[in-house]
Structures are given as structure tokens and as C-alpha cells.
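Please look over the sequence and the 3D structure below before reading on. The paragraphs after it take one part at a time.

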Amino acid sequence: MLISIRFHGRGGQGAVTASKLLAQTASEMGYYSQSMPFFGAERRGAPVISFTRISDEPIYEMSQVYHPNIVVVLDPVIMKVVDVFRGVKEGGWIVANTTKKPDEFVFGQEYLNIVAVDATGIAIKNDLLVAGMPVVNTPMLGALLRADIPLNIEVLEGIVARKFGKEGKKNVKAISEAYEFAEVKLIHGSGKRRYPKKQKIKVEFPISTPAEGVAGKTKLWRDFRPEINYDKCNDCLNCWLHCPESAIRLNDRVEIDYDYCKGCLVCAAVCPKKAITSEREVFADV
Ligand code: SF4
Ligand code: SF4
């Protein structure tokens, strides 16, 4: 038995914590488990993915989960910008945070079983808010246990009660409410896979561009100036993805915006082709 779960959420909703809590529940029940996150731009609201594997044998796979049995979608809107169904196994499960009933929840993937739960509503009702944002991870875990997964809700609740201290009670209540009120639609083997396996999906993210703040442009922080060697660059976009200032623009190729580059050299560190070198920055007017 190997069950792979992929969580999709936004920064601040607790997807990474949910994936860890699930792995810990499995571990306490005597299974082998692992949990790992994948961050893009690590900021509140940005898309976040996290993975959990559960097995009754040692797990040697350490990669991201590309073919999950279960996909957990913490944010109803994220399906519009991220292909959450990519690689899901036929006969697998989607556990969705939605106000819709499973029958109304039309998403074109009729080869999947559905668990539908209004986790946002349950989080608001139980005052699971951080800085005004509903944290839906624990109710989503309650709903997830309605899918085909051999974990026990009492074990999960015990872990959450221990881990969350004063907030534990509210989270345990949210788990049990979600478990109780989640609606399940089983469609094993009833439909043909509509998702064309070889279709290339264009994923579009909202991208913010840097702007001048009260302390001026971030270029003034720069001790080192990164330079891209386009003879080595293979357009992998790693630097663009990891730049914390969004100072790498995507035109026909990656280009550094030296008005906002702060010289942290994260781009150079993540470049697999060693295509970014750096030199001491000397500003003529300083
Ligand atoms: S050094 Fe690289 S990663 Fe850092 S701000 Fe400049 S372009 Fe972005
Ligand atoms: S990380 Fe390196 S190889 Fe990849 S796009 Fe940036 S400069 Fe090019």
C-alpha cells in the first residue's frame, strides 16, 4: 500500500502544516510516512503545494508527488490558476473546500471521487482566523479522512490537541465538524478520463512587480551586482521563480531589473547552469 497525497493551497492557509499533521497521524498509527513542501514565492496568498506519502512499507521515493491518489484543494479559487488535477490517478479522490454539493461541483474530472466540504465556513464559525484569514487546514484534514485513507480521526485529533495548545480545542472541533458535514460522491469506474494526458497546461499566476518604497529603490541595498551569462543560460526560470524582489523579468529571456535587484544573489545560488556571476557594486553617485 502506498497512498500519495498532494495539498494545494495559498500561503497562510496551512497546507504545509496539514501535510505534516497527516504524516504524523500515519506515523503514530504505525505506518511509514513522509511530508515535504514545495514553495514558490514564499509569501502570504501565493500558491503552495505540499506532499504526504503513507505506506505500510519503507518509502524510498523522495520526489514530489506527481501521481497522487488524493488531491486536497484548500482554496476554491486556486483551481483557476493551478492545474490541481495534474497526474491524479484514475479512481482517485479530490477533497475540495467548496460551498457546493458534490453534484453541483462541476470540474470536468468525472473519473475522481469527491469529498466536498465548506472548510472556510467551518473555520470562520470556529474562529480559526489568523490576521483575518480563515485557516482551513484542520477542517480539510477532517474532510480528507472521509476519503479512502486508513487513518483514524481520534489519532489526528489527539495530535492536533497536543500541538495547537490553547487553539487545540477549536481545531479539534473543526476537524470533527468537517468529518461529519463533508459530503462524499463515489464514482469509481463510472467515467472516462477526460483530461488529455499529453496536453501542455499553461499555468498563469498573478505576478506582482516591484515598486519604490519609503526607503527608496532596493537597488541601493546592493553590495554585489548579478550578471547573467546568456551563453550558459538554458531558460529554466529558476532565478525568476526564486528572486525575492521579483526583480527578474520575463521578456524573451530572463532579465534583471537593476532598479530593484537588492544583490542577495539567491538567483546565482539557484541557477543550475552557473550562468549568474557577481561583481562588487559601486554606485557612481554614492
Ligand atoms: S540578486 Fe538576484 S535574486 Fe537577489 S534581488 Fe537581485 S535578481 Fe533577485
Ligand atoms: S536560473 Fe540560470 S539557467 Fe535558469 S533561467 Fe536563470 S540564469 Fe538562466
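Predicted model: local features only at pLDDT ≥ 70, side-chain atom pairs only at ≥ 80, totals over all residues.

We start with the pair of helices. Two packed helices are described by the angle between their axes and the distance between the axes. Here the pair is helix 1, residues 15–28, and helix 4, residues 153–163, whose axes come within 9 Å and cross at roughly 120 degrees. An angle from 65 to 115 degrees would count as roughly perpendicular, and one over 145 as roughly antiparallel. Helix 1 and helix 4 are therefore oblique to each other. Their crossing is right-handed. On the side of helix 1, the contact is made by Thr17, Leu21, Gln24, Thr25 and Glu28. These meet Val155, Leu156, Ile159, Val160, Arg162 and Lys163 in helix 4. Sorted by class, the residues of this contact are five nonpolar, three polar and three charged. An α-helix has 3.6 residues a turn, so residues three or four places apart point the same way.

Next comes helix 3, which covers residues 137–144. Is it enclosed by the rest of the structure, or open? Buried means under 20% relative accessible area. Eight of its eight residues are buried, so helix 3 is largely enclosed by the rest of the structure. The buried residues are Asn137, Thr138, Pro139, Met140, Leu141, Gly142, Ala143 and Leu144.

Now turn to the loops. Aspartate 127 sits in the loop between helix 2 (119–125) and strand 7 (129–130). Its phi is near 60 degrees, a positive value in a residue other than glycine. With a relative accessible area of 43%, aspartate 127 is partly exposed. Serine 246 lies in the loop between helix 6 (238–242) and strand 11 (248–250). Serine 246 is not a glycine either, yet has a positive phi of about 50 degrees. Its relative accessible area is 26%, and serine 246 is partly exposed.

Last are the ligands. Which residues are around ligand 1? They are Pro226, Cys243, Pro244, Ile248, Cys261, Lys262, Gly263, Cys264, Leu265, Val266 and Cys267. By class, this shell has nine nonpolar residues, one polar and one charged. Ligand 2 is surrounded by Cys233, Asn234, Asp235, Cys236, Leu237, Asn238, Cys239, Val254, Cys271, Pro272, Lys273 and Ile276. The shell of ligand 2 consists of eight nonpolar, two polar and two charged residues.

How values were computed:
Residues numbered from 1 in each chain as written. Chains lettered and ligands numbered in written order. Heavy atoms only, no water. Near = heavy atom within 4 Å. Nonpolar A, V, L, I, M, F, W, Y, C, P; charged D, E, K, R; others polar. Buried < 20%, exposed > 50% of the residue type's maximum accessible area, 1.4 Å probe, protein only. Helix = DSSP H or I, 4+ residues; strand = E, 2+ residues; numbered from the N terminus. Axes fitted to C-alpha atoms, helices over the stretch in contact; angles between N-to-C directions. Parallel < 35°, antiparallel > 145°, perpendicular 65-115°, else oblique. Left-handed = near helix turned anticlockwise from the far one by under 90°. Contact = heavy atoms within 4.5 Å.
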